[in-house]
Amino acid sequence: MKHSILVLVSFALSVRASAASLTGNWVVAQDMHDGTLRRTYLDLKQDGPQVTGHIRATQFYYTVSESSGGPDAFTLTATMQDGKTERKATYEVKVEGDELHVMTRRNAGAPVTAMVAHRAPDGEGAYPKRIDLPALHKVPYNGLAKTPPMGWNSWNKFAGTVDDAAVRSIADAVATNGMKEAGYIYINIDDTWQGDSRDAQGNITTNRKFPDMKSLADYVHGKGLKIGIYSSPGPNTCAGYEGSYGHEEQDARTYAAWGIDYLKYDWCGARNIYRDDEMQAAYQKMGDALAKSGRAIVYSLCQYGRNDVWKWAPDVSGNLWRTTGDIRDTWDSMAKIGFDQDPLASWAGPGHWNDPDMLEIGNGGMNDAEYRTHMSLWAMLAAPLLAGNDLRNVPKPTMDILTNRDVIAIDQDPLGRQARRIWQEGETEVWIRDLTGGAQAVAVFNKGARDANVTVGWKDLGMNKAPKNARDLWLHRDVPVVKEGFTGNVPAHGAVMLRVSSR
Ligand code: GLA
């Protein structure tokens, strides 16, 4: 009897001891409430006081580079290379029975996420193997986006909550609230439409939020609008959903069959497989696939302006390419992005555009003067105009900004010349854009936090004499031309935009 108690105790102790090891493959499955699970894998090996292994958190694939603690609770530093940037995340892990309790933060300032992981079969969730890329060649221009694309994109306002009903109701609104007439045609679904896994033939599937993509596309087309979708050259998108890695042609065929007119293709998960200098070949694969799909699909590259994308995007049949990281709905974010675009002007032209990211107009983080600056600057930059707000219920001042025909006409000018910064003094900048027929758009920006009286000579703006006519594009009226130059009041963080000509 005594003996068997001893055996039992030592058995229990050995179970405890082996359960306390971190070694193994652990998974956390987070319910995304759309029929998909977002999985994080921790594939760890504990060797005494040292822990090694990999952590795959959606599109991030880290290597454990440091560990401290023990015997069953550790702090792990996980590192990954993302182009030129080294990303680090910290995980605090503790074995509790059959569970691994995990606390993590992506970076120093980020909130802590607490998760409970369970054991997963070895190998599950391993990062997919590299597929070698094709040799470079020129993908022919698809003939689309002769002027910068205009429409709406779901991400800035809806992020992961976008669904079929929201897209239909946005399409209804755009078709009736003046947006369509103003030129906003593309209704673009961003990340989080994809199903958890592909079907038995490898076809991409949708999740519960999008029960029937073909019927949704038909609906949007029925409103006289076009529809866009989103994917990644990597195995995962930025939100951790299924990407097109290894399925490029199949996905392009699926999009064509659904009736998709626009694809935003976001690097994200590809960063764990390819180097930045391999981006062109990765994007070329989808460019070729879209060309073979038999449907006219605008090709939007989203890789945050890395690897001088403007130099090669047209060669993969890219119609637009993001030039920066993600915009936020703040003056600082918008101004930083917008006013930094000057050096890229020469790369834009009909069929291929710099994309400083989607509009935040109407999302509430800036005032109307700031949103007018946002709209003016994007129009000067010949930027795609993709509204990012909830278009079902738009206050009049916001609608007046988004649908300002005079400003839109500058954005859409067929010459396709992106503006240059011609003059700068303190917080004031003047940008000029050449227009069809010899006219010019002149935008005077006040980046300061106080209203400013601005005076600048036409000569300083590169004009040898005063233009004959000037139209104020926010006041919608012709204004007298002062012989010496522009003079006027520009509100704090505001803009005055003129169309000047000498005809
Ligand atoms: C990236 C892109 C964004 C958006 C999200 C979706 O951050 O830059 O525009 O598409 O992914 O996950």
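A: Tyr-304 counts as buried because its relative accessibility is 17%, where buried means under 20% relative accessible area, exposed over 50% and partly exposed in between, with a 1.4 Å probe and protein chains only. This is a predicted model, in which local features need pLDDT of at least 70 and side-chain atom pairs count only at pLDDT 80 or more, while totals for chains, interfaces and linings use all residues. Residues are numbered from 1 along each chain as its sequence is written, and side-chain values use heavy atoms, with hydrogens and water left out.

Tyr-304 lies in the loop between strand E13 and helix H8; here helices (H or I, at least four residues) and strands (E, at least two) are DSSP runs, numbered from the N terminus. The phi of Tyr-304 is positive, near 65°, although the residue is not a glycine. Most residues other than glycine have a negative phi, and most peptide bonds are trans. His-493 also has a positive phi without being a glycine, in its case about 55°. That residue is found in the loop between strand E23 (485-490) and strand E24 (495-501), and His-493 counts as buried because its relative accessibility is 14%. Where the peptide bonds are concerned, Gly-70 and Pro-71 are joined by a cis bond with omega about -5°, and Pro-71 belongs to the loop between strand E4 (60-69) and strand E5 (73-82).

Back in the part we are looking at, strand E13 covers residues 298-302 and helix H8 covers 309-312, and both are packed against by the buried residues of helix H7, as are helix H6 (248-258) and strand E12 (262-266). Of the 14 residues of H7, ten are buried, so that the helix is mostly covered; among them are Met-279, Tyr-283, Met-286 and Leu-290. The length of H7 (residues 279-292) can be checked as well, because at 1.5 Å a residue its 14 residues should span 20 Å, and its end C-alpha atoms are 20 Å apart, which agrees; the expected span is 1.5 Å times one less than the number of residues. After H7 comes Gly-294, with a positive phi near 80°.

Cys-238 and Cys-268 form it, with their sulfur atoms 1.6 Å apart, and the link is right-handed, with 95° about the S-S bond. Because Cys-238 lies in the loop between strand E11 (226-231) and H6, and Cys-268 in the loop between E12 and H7, the pair ties together parts that are 30 residues apart in sequence.

Ligand oxygen atoms come to 2.8 Å from an N or O atom in the side chain of Asp-191, to 3.2 Å from one in the side chain of Arg-322, and to 2.5 Å from one in the side chain of Asp-326. The protein covers 92% of the 310 Å² of accessible area that the ligand has on its own, areas that come from the Shrake-Rupley method with a 1.4 Å probe.

Seen as a whole, the protein has twelve helices and 24 strands, and 54% of its 503 residues count as buried. Its C-alpha atoms fill a box of roughly 110 × 50 × 45 Å, taken along the principal axes. Of the contacts between residues at least 6 apart in sequence, 65% join residues at least 24 apart, a contact being heavy atoms within 4.5 Å.

Definitions and conventions: Disulfide = S-S within 2.5 Å. Polar contact = N/O pair within 3.5 Å; in protein donor to acceptor, adjacent residues only side chain to side chain.
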